[in-house]
Amino acid sequence: MATVIVEGSNVVVKMSDVEKFEAVHTDVHVPLSAVRAVRVVDDAWPELRGIRAPGTGIPGVIAVGTRRGSFGKDFAVVHGKDAAVVIDLDGAAYSRLVVTTPDAENVAAAIRGHLMPSFDALPPPS
């Protein structure tokens, strides 16, 4: 099963050899600076956009690979009905990462812990 980790200044989707074959892709690396939002969803399937090209897909069972549409490209590693981490991106090769993981809450918290706080969240100067 794929994992999402922070390595240095990148968020990395690490896939098993089987998932790499399914995705027709190697591990995905995106800069932390491109992360705009990280959230957890109970059902990954409604988060998938566009058409799969290339990759592997059986609706409701597996969606692994690049997804393309008018939004650009997303990358998904979705197996079954587990919770998923959804990472919205700006200025990266992908617009969104969707990865199912039984530890979605902890994965999302770990990524959020590496993000710079938003200027909107900072208190005004005294």
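1. In this note a charge is taken to sit over a ring if NZ of Lys or CZ of Arg is within 6 Å of the ring centre and within 35 degrees of the ring normal. By that criterion R49 lies over the face of F71, at 4.1 Å from the ring centre, and K73 lies over the face of Y94, where the distance to the ring centre is 5.1 Å.

2. On the basis of the note: this is a predicted model, in which local features need pLDDT of at least 70 and side-chain atom pairs count only at pLDDT 80 or more, whereas totals for chains, interfaces and linings use all residues. Residues are numbered from 1 along each chain as its sequence is written, and side-chain values use heavy atoms, with hydrogens and water left out.

3. Y94 also takes part in an aromatic pair. Rings of Phe, Tyr and Trp (its six-membered ring) are paired if their centres lie within 6.5 Å, and planes under 30 degrees apart count as stacked, over 60 as edge-to-face and the rest as tilted; the count by this rule comes to 1 aromatic pair. The rings of F75 and Y94 have centres 5.5 Å apart and planes at 65 degrees, so the pair is edge-to-face. F75 belongs to strand β7 and Y94 to the loop between β8 and β9, so the pair ties together parts that are 19 residues apart in sequence; here helices (H or I, at least four residues) and strands (E, at least two) are DSSP runs, numbered from the N terminus. With buried meaning under 20% relative accessible area, exposed over 50% and partly exposed in between (1.4 Å probe, protein chains only), F75 is buried at 1% relative accessibility, and Y94 is buried with a relative accessible area of 6%.

4. A nonpolar core is understood as a set of buried Ala, Val, Leu, Ile, Met, Phe, Trp, Tyr and Cys residues joined through side-chain atoms within 4.5 Å. The largest such core has 26 residues, and those with the most contacts inside it are V13, I87 and L97. At least two residues of this core come from each of β2, β3 (28-31), β4, β6 (62-69), β7 (72-79), β8, β9 (96-100) and α2, and α2 gives the most, with 4 residues. If neighbours within four places in sequence are left aside, L97 is in contact (heavy atoms within 4.5 Å) with V13, V28, V30, F75, V85, V86, I87 and L89. A second, separate core of 10 residues includes V41, W45, L48 and A76.

5. Helix α2 (residues 104-112) has A104, V107, A108 and I111 as its buried residues. They cover an arc of only 95 degrees around the axis, which puts them on the same side of α2; the arc is that of the directions from the helix axis to the C-beta atoms. The buried residues of α2 pack against β1 (3-7), β2 (10-14), β4 (35-41) and β8 (84-89).

6. T101 is placed in the loop between β9 and α2, and T101 is buried, with a relative accessible area of 9%. Apart from neighbours within four places in sequence, T101 is in contact with M1, D82, A83, A84, V85 and V107.

7. Salt bridges, for which a side-chain nitrogen of Lys or Arg must be within 4 Å of a carboxyl oxygen of Asp or Glu, number 8 in a search of the whole structure. In one of them R96 and E47 meet at 3.6 Å, N to O, linking strand β9 to the loop between β4 and β5 (51-58), with the two residues 49 residues apart. R96 is buried, with a relative accessible area of 12%, and E47 also counts as buried, at 14% relative accessibility. Salt bridges that share partners join R39, E47, D88 and R96 into one network.

8. R36 forms a further salt bridge with D90, the closest N and O atoms being 3.8 Å apart. R36 lies in strand β4 and D90 in the loop between β8 and β9, so this pair ties together parts that are 54 residues apart in sequence. R36 counts as exposed at 51% relative accessibility, whereas D90 counts as partly exposed at 48%.

9. K14 and E7 are joined by a salt bridge between their side chains (3.4 Å, N to O), with K14 partly exposed at 31% relative accessibility and E7 partly exposed at 36%. The C-alpha atoms of K14 and T26, 12 residues apart along the chain, are separated by 8.3 Å. T26 is in the loop between α1 (17-23) and β3 and counts as exposed, at 54% relative accessibility.
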